[in-house]
Amino acid sequence: DEEEAMSIETTTYFDSEGRSALEHCIQCAADWCTVHRVETMVIFSGTGEGPHYAATKLLPRAPYKGMRIVAVTPPYGRPYRLTPTDPDSPLVHSGIKRAMRDELTALQVGVVSAHLPFKEMYDGKDRTSEWTRVSEAFGVLGGGFALCIQAALLACDAGLVPHGERVVTLTADTAIEVLACRTE
């Protein structure tokens, strides 16, 4: 029965981490949203690939009608390692390019580009901050956990998600349900 199904919580473990788990993570999150009546998925994305997949492959299907997608991305052009744990990995640049942003907008996906709240500011001397410690503490729960929290904060700050709304927020390999709130 539906009430019993709603009381069952699940954890899904992927065979790998990062982008290789992206579509499976989005599918699991969308399915969870339909069972638990969560209407909004906030997707942290460096390129827009995840939100685009959700908007074009899932939202047109009957079980997901009415679901909203919000994309959160770091500031355009920020350099990062393609494989963050590999110091020899090539540098790529973050941010959803104009063509992808335009396509997401046409698909009614809200897009937010902003500095991540837990990301330290570098003043040329010191690289430590209390927020970095918060992010590291969340990292105990998985590499994408802090990104999920920050995505929800930024979506709320931008007004794309109301304060207090239940949302599922996700990265390529992590999805959690949260109550959205502002960074303040």
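How many of the 184 residues of the chain count as buried? The share is 41%, where buried means under 20% relative accessible area, exposed means over 50% and partly exposed lies in between (1.4 Å probe, protein chains only). This is a predicted model, so local features need pLDDT of at least 70 and side-chain atom pairs count only at pLDDT 80 or more, while totals for chains, interfaces and linings use all residues. Residues are numbered from 1 along each chain as its sequence is written, and side-chain values use heavy atoms, with hydrogens and water left out.

View 1. Follow the sequence and you get α-α-β-α-β-β-β-α-β-α-α-β-β. Take the contacts (heavy atoms within 4.5 Å) between residues at least 6 apart in sequence: 64% of them join residues at least 24 apart.

**View 2. The largest nonpolar core, with 26 residues.** A nonpolar core is a set of buried Ala, Val, Leu, Ile, Met, Phe, Trp, Tyr and Cys residues joined through side-chain atoms within 4.5 Å. Ile26, Met41, Ile43, Met67, Ile69, Val168 and Leu170 have the most contacts inside this one. At least two residues come from each of α2 (22-36), β1 (40-44), α3 (49-58), β2 (68-73) and β6 (166-170), and α2 gives the most, with seven. Zoom in on isoleucine 69 and, leaving out residues up to four places away in sequence, you find it touching Met41, Ile43, Pro51, Ala54, Leu59, Gln108, Val109 and Gly110. Another core lies apart from this one: it has 22 residues, including Leu116, Phe145, Ala146 and Cys156.

**View 3. Helix α6, residues 145-157.** From first C-alpha to last, its 13 residues reach 19 Å, close to the 18 Å expected at 1.5 Å a residue (the expected span is 1.5 Å times one less than the number of residues). The helix is mostly covered, with eleven of its 13 residues buried; Cys148, Ile149 and Leu153 are among them. After α6 comes glycine 159, whose phi is positive, near 80°.

**View 4. Threonine 174, in the loop between β6 and β7 (175-179).** This threonine 174 is buried, at 14% relative accessible area. Neighbours within four places in sequence aside, threonine 174 is in contact with Cys25, Gly144, Phe145, Cys148 and Thr169. Its side chain also makes a polar contact with the side chain of aspartate 173 (3.1 Å). A polar contact is a pair of N or O atoms within 3.5 Å; within protein, one must be able to donate a hydrogen and the other to accept it, and residues adjacent in sequence count only if both atoms are side-chain atoms.

**View 5. Salt bridges, four in total.** A salt bridge is a side-chain nitrogen of Lys or Arg within 4 Å of a carboxyl oxygen of Asp or Glu. In one of them, arginine 68 pairs with glutamate 165, with the closest N and O atoms 3.7 Å apart. That pair links strand β2 to the loop between α6 and β6, 97 residues apart. Arginine 68 is partly exposed, whereas glutamate 165 counts as buried, at 19%.

Definitions and conventions. Helices (H or I, at least four residues) and strands (E, at least two) are DSSP runs, numbered from the N terminus.
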